[in-house]
Protein chains: 4
Amino acid sequence: MKIAFIGLGNMGAPMARNLIKAGHALNLFDLNQTVLKELAELGGTISDSPRDASKDAELVITMLPAAAHVRSVWLNEDGVLAGIGKGVPAVDCSTIDPQTIRDVSAAAAKQGVVVADAPVSGGTGGAQAGTLTFMVGAPLELFATLQPVLAQMGRNIVHCGDVGTGQIAKICNNLLLGISMVGVSEAMALGDALGIDTQVLAGIINSSTGRCWSSDTYNPWPGVIETAPSSRGYTGGFGADLMLKDLGLATEAARQAKQPVILGAVAQQLYQSMSQRGDGGKDFSAIINSYRKPK
Amino acid sequence: MKIAFIGLGNMGAPMARNLIKAGHALNLFDLNQTVLKELAELGGTISDSPRDASKDAELVITMLPAAAHVRSVWLNEDGVLAGIGKGVPAVDCSTIDPQTIRDVSAAAAKQGVVVADAPVSGGTGGAQAGTLTFMVGAPLELFATLQPVLAQMGRNIVHCGDVGTGQIAKICNNLLLGISMVGVSEAMALGDALGIDTQVLAGIINSSTGRCWSSDTYNPWPGVIETAPSSRGYTGGFGADLMLKDLGLATEAARQAKQPVILGAVAQQLYQSMSQRGDGGKDFSAIINSYRKPK
Amino acid sequence: MKIAFIGLGNMGAPMARNLIKAGHALNLFDLNQTVLKELAELGGTISDSPRDASKDAELVITMLPAAAHVRSVWLNEDGVLAGIGKGVPAVDCSTIDPQTIRDVSAAAAKQGVVVADAPVSGGTGGAQAGTLTFMVGAPLELFATLQPVLAQMGRNIVHCGDVGTGQIAKICNNLLLGISMVGVSEAMALGDALGIDTQVLAGIINSSTGRCWSSDTYNPWPGVIETAPSSRGYTGGFGADLMLKDLGLATEAARQAKQPVILGAVAQQLYQSMSQRGDGGKDFSAIINSYRKPK
Amino acid sequence: MKIAFIGLGNMGAPMARNLIKAGHALNLFDLNQTVLKELAELGGTISDSPRDASKDAELVITMLPAAAHVRSVWLNEDGVLAGIGKGVPAVDCSTIDPQTIRDVSAAAAKQGVVVADAPVSGGTGGAQAGTLTFMVGAPLELFATLQPVLAQMGRNIVHCGDVGTGQIAKICNNLLLGISMVGVSEAMALGDALGIDTQVLAGIINSSTGRCWSSDTYNPWPGVIETAPSSRGYTGGFGADLMLKDLGLATEAARQAKQPVILGAVAQQLYQSMSQRGDGGKDFSAIINSYRKPK
């Protein structure tokens with residue numbers, strides 16, 4: 001299949017690589033020439049603009065850092081919609097607010113193009129290993145078309161509903177994740193301060209009603225879960241600044257929907273404080289250090 | 001075995017009943033004469049005071065509403081310590097602060113009695129069915145002695161460490177539980193406001209990083225989990241006022257330990273607001289109604 | 001003076017009326033034809049577009065609901081910058097984020113126009129009475145030019161610094177105001193619940209370290225301050241939805257500046273809850289009802 | 001007048017000194033022998049117990065660190081109530097929870113003694129200078145008796161209502177103060193991050209709706225108010241650990257009254273975090289450093 005792939009950053013580049021490996025012909029676009037050359041050597045074709053990349057493509061995929069990029073890459077004069085053919089399937093995999101993708105989708109609809117949103121989870125590790133989760137907002141027919149291609153970059157391809165619901169699912173899940181991690185941090189730090197062994201406490205929580213992914217898979221207390229970032233100095237996981245971005249999307253979407261999110265708003269500010277102290281690059285589970293005496 | 005059982009409320013009475021069924025001889029004490037008579041008809045013996053009940057007992061169990069009752073039942077002139085024999089095993093199953101049980105334990109130690117703490121989870125349903133979880137703080141030898149008896153009232157008998165760690169484990173777990181439930185409520189209500197199907201959203205969360213007991217077993221959105229209180233009008237589960245009590249214990253223990261618990265403190269106030277509005281008797285998952293437009 | 005006045009809503013219309021009264025010739029623009037006709041009858045001239053209104057003006061004033069309107073009124077093809085003469089002083093009185101006015105100002109600078117920001121406080125009452133406070137961000141020279149005209153619409157004309165600082169001053173003041181009002185509400189409601197007379201409590205606070213405008217001038221407890229909205233059913237003051245807008249600007253500006261605002265974020269969510277319950281149209285001091293038992 | 005003065009710590013000692021200076025004969029009790037000797041040299045009489053001190057006193061004053069001390073000093077076998085004569089006026093100046101003083105008062109009433117509560121504000125500086133504020137909970141007759149004596153130790157003697165209302169007034173005021181100071185800190189730090197001059201911002205706030213004691217008298221930004229602790233390295237004011245104590249009293253009183261205090265609970269946790277980082281001894285306005293980049 002001839003696929004336009006636009007946005008080749010830390011996530012996009014390995015995703016594109018997996019599609020090349022799977023035998024697709026890729027039209028590539030990014031502002032970074034180095035990564036373009038690397039992927040061209042693997043067999044991709046370099047394009048001059050999103051429009052250019054989209055012209056003869058049978059599928060368009062974009063993976064961009066923020067809503068402003070999505071708007072310009074799709075809607076500008078040399079953007080995707082200026083090049084894409086009528087009826088060609090298209091999907092944006094960026095993590096952005098639901099409204100932006102709905103706006104892009106509405107603009108595309110006017111020229112007979114259906115655009116899905118399919119934000120991912122799984123990080124750069126998942127992008128490289130091809131084990132990402134895709135949360136897809138699309139009409140059923142488009143979902144059926146996208147599913148096999150996304151499956152070459154990921155393991156779980158979940159249909160969430162119409163366009164925009166992929167973003168909603170991701171935003172809501174990560175809102176809860178951001179809260180849970182703070183909750184586990186408070187519970188573990190309190191237990192330690194009161195004198196219970198943290199390994200024992202984690203074991204009890206994990207078999208009780210406090211059980212959650214942030215405790216049983218990604219516990220922030222060093223040594224409780226050997227494979228968690230907390231056991232290797234809070235490196236190599238999901239950075240606090242990325243969690244901060246997602247909580248920003250969640251609280252802003254909530255504001256627009258006139259929906260309160262009290263703990264979510266507090267959690268956002270706590271990660272903001274952590275980032276201000278210079279720890280935004282650490283795994284988000286290092287939020288537990290906000291609850292422990294400095295050594 | 002001859003067992004003194006003191007405190008026969010909503011939890012204590014069914015627990016005592018299970019011990020009688022298991023063949024033990026019970027010395028019973030409570031201020032409520034009605035329940036005493038009921039249990040006496042099943043074979044128990046009514047005592048005049050905690051001291052009286054403890055006199056010839058081979059094991060003493062107490063199950064009381066709050067720390068003040070535990071202090072008076074154990075330490076008063078006609079309390080347990082005035083009657084219990086040297087070396088007789090003893091356990092308090094109340095949910096209270098860790099310091100009170102440590103104080104009682106220290107007083108008991110002076111007369112050669114070792115007192116464990118073993119707060120439970122599982123509610124009145126678990127007490128009746130004999131499926132409670134006991135979180136036990138006790139020296140290993142005492143734990144070994146208690147384990148078979150507690151197993152006649154519960155399913156999971158967990159050793160948490162020395163005296164007081166049972167309370168710590170329960171407090172920390174319920175702190176996290178109280179936070180998680182608010183987090184799930186915010187995520188589900190936000191998702192609904194933004195336009196995703198709540199059943200779909202719950203499914204995605206439950207197979208992703210937001211996964212937790214409050215979502216996959218006890219989801220607050222009506223209809224998502226058929227067996228959850230939310231699917232039967234928020235009745236018959238763990239009342240918000242009980243959650244409020246536990247969060248009060250957690251934040252007070254944190255205060256004494258000079259340990260911050262930010263989301264925990266906010267969650268406590270949110271359940272307090274819910275209670276003030278008159279909904280303290282509903283299951284704690286009804287906190288989600290604080291996030292939904294009134295109908 | 002020939003003044004272009006664009007944006008004639010609840011605030012803009014009475015402000016323009018005061019300028020007409022003061023003897024200025026006004027070029028008027030708004031989408032609402034009714035208000036245009038009303039002001040034309042007082043002597044103003046109706047324009048076809050912001051560009052049109054600005055063409056021969058010696059001063060341009062805009063007063064708009066939100067940042068999106070400011071961008072389009074100033075930057076669109078038929079916007080202010082397409083009509084305004086080089087060197088003509090200009091000021092936007094809208095309450096928006098600091099970045100938008102800085103962007104507009106930078107665009108204006110390219111054609112030799114200096115734009116100030118001068119958001120107001122004082123509400124529709126102050127707009128009618130000509131007693132507004134203007135918080136002005138402008139170079140000193142422009143401030144000197146604007147000062148006498150703004151003084152015909154307001155009482156306090158405060159210079160805050162360069163362009164954008166007017167918005168910053170307003171955002172920061174209202175962030176604190178939003179927090180203070182919740183703080184006073186918690187203190188008054190707690191005092192009442194504990195059994196002190198609220199009039200006495202307010203008196204003590206107002207002569208002590210808790211003293212603040214939200215208590216001594218605008219106390220949320222009915223009857224404490226006769227002239228406060230709380231004493232007339234929370235009507236006719238500063239609506240909770242307007243406070244919500246300002247707190248949204250504050251937390252979003254904070255997010256962009258990577259600056260935590262913890263109590264501000266919580267306060268925003270509390271007003272959001274109040275609004276969701278249907279009380280967004282009441283004066284913001286009605287937040288105290290979130291702390292009182294429903295009758 | 002013969003006055004029993006019990007509790008001669010950082011506050012009690014200078015208060016007692018002022019009474020001696022005013023010509024009263026003092027019966028003194030404290031566990032600290034050094035301070036007893038110092039005051040004895042000024043003319044006071046050392047007593048062996050609170051009972052002893054109270055025996056021939058015409059007025060009993062206590063000034064103690066916490067509720068537990070108040071209970072024991074008044075109610076123990078060798079406590080005040082064991083020595084005080086029927087009808088002798090009595091007052092406790094400690095800052096404690098309202099319930100404790102009501103309990104002590106009820107016990108005293110049984111033997112014909114009326115006990116007032118009169119917590120103070122003004123710190124050790126105010127105690128030495130005799131410029132304290134006394135918030136007095138007492139029947140009118142007792143208030144009239146106490147007023148002239150308290151006026152020898154303080155400047156403002158405020159009647160708050162019946163016994164307990166002194167504590168309530170202090171708790172509610174300091175709850176608001178703790179919140180306001182965090183609010184001012186967030187507003188000042190945000191303004192600085194956004195680029196407004198902090199001196200200018202403080203000036204605007206102080207003449208606008210954000211005006212409060214924490215801003216216009218005690219601003220946490222260094223240099224804004226020359227006499228504030230922030231301008232001398234956050235030394236010599238009201239320590240964060242003392243604010244933490246008062247917020248603990250407020251949230252605990254709220255919990256017992258089933259009254260939510262959301263911002264108050266968050267503020268408490270923020271001072272707790274500050275204390276955990278080792279800054280509990282600094283003036284409470286140093287909470288602003290939680291919002292500024294570490295240098």
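This is a predicted model: local features need pLDDT of at least 70, side-chain atom pairs count only at pLDDT 80 or more; totals for chains, interfaces and linings use all residues.

Residues are numbered from 1 along each chain as its sequence is written, chains are lettered from A and ligands numbered from 1 in the order in which they are written, and side-chain values use heavy atoms, leaving out hydrogens and water.

**Exercise 1.** Find out what chain A is built from and how its radius of gyration relates to that of a compact globule.

Solution. Start with the elements: chain A holds 13 helices and nine strands. Here helices (H or I, at least four residues) and strands (E, at least two) are DSSP runs, numbered from the N terminus. Next, take the extent: the C-alpha trace spans about 65 × 45 × 35 Å along its principal axes. Finally, a compact globule of 295 residues would have a radius of gyration near 19 Å, and the 21 Å of chain A agrees with this. The radius is taken over C-alpha atoms, and the globule rule is 2.2 Å times the number of residues to the power 0.38.

**Exercise 2.** Work out what share of chain A is buried.

Solution. Begin with the cut-offs: buried means under 20% relative accessible area, exposed over 50%, and partly exposed in between (1.4 Å probe, protein chains only). By this rule, 61% of the 295 residues of chain A are buried.

**Exercise 3.** Describe the surroundings of Ser94(B).

Solution. First locate Ser94(B): the loop between strand S5 (90-92) and helix H5 (98-109) of chain B. Then check its cover: Ser94(B) has a relative accessible area of 0%, so it is buried. Lastly, list what Ser94(B) touches (heavy atoms within 4.5 Å). Leaving aside residues up to four places away in sequence, its neighbours include Thr62(B), Leu64(B), Pro119(B) and Gln167(B).

**Exercise 4.** Tyr234(A) and Lys258(A) both have a positive phi; is each one buried or exposed?

Solution. Recall the background: most residues other than glycine have a negative phi. Tyr234(A) has a phi of about 60° and sits in the loop between helix H11 (213-216) and helix H12 (240-256). Its relative accessibility is 8%, so Tyr234(A) counts as buried. Lys258(A) has a phi near 55° and belongs to the loop between H12 and helix H13 (262-279). With a relative accessible area of 56%, Lys258(A) is exposed.
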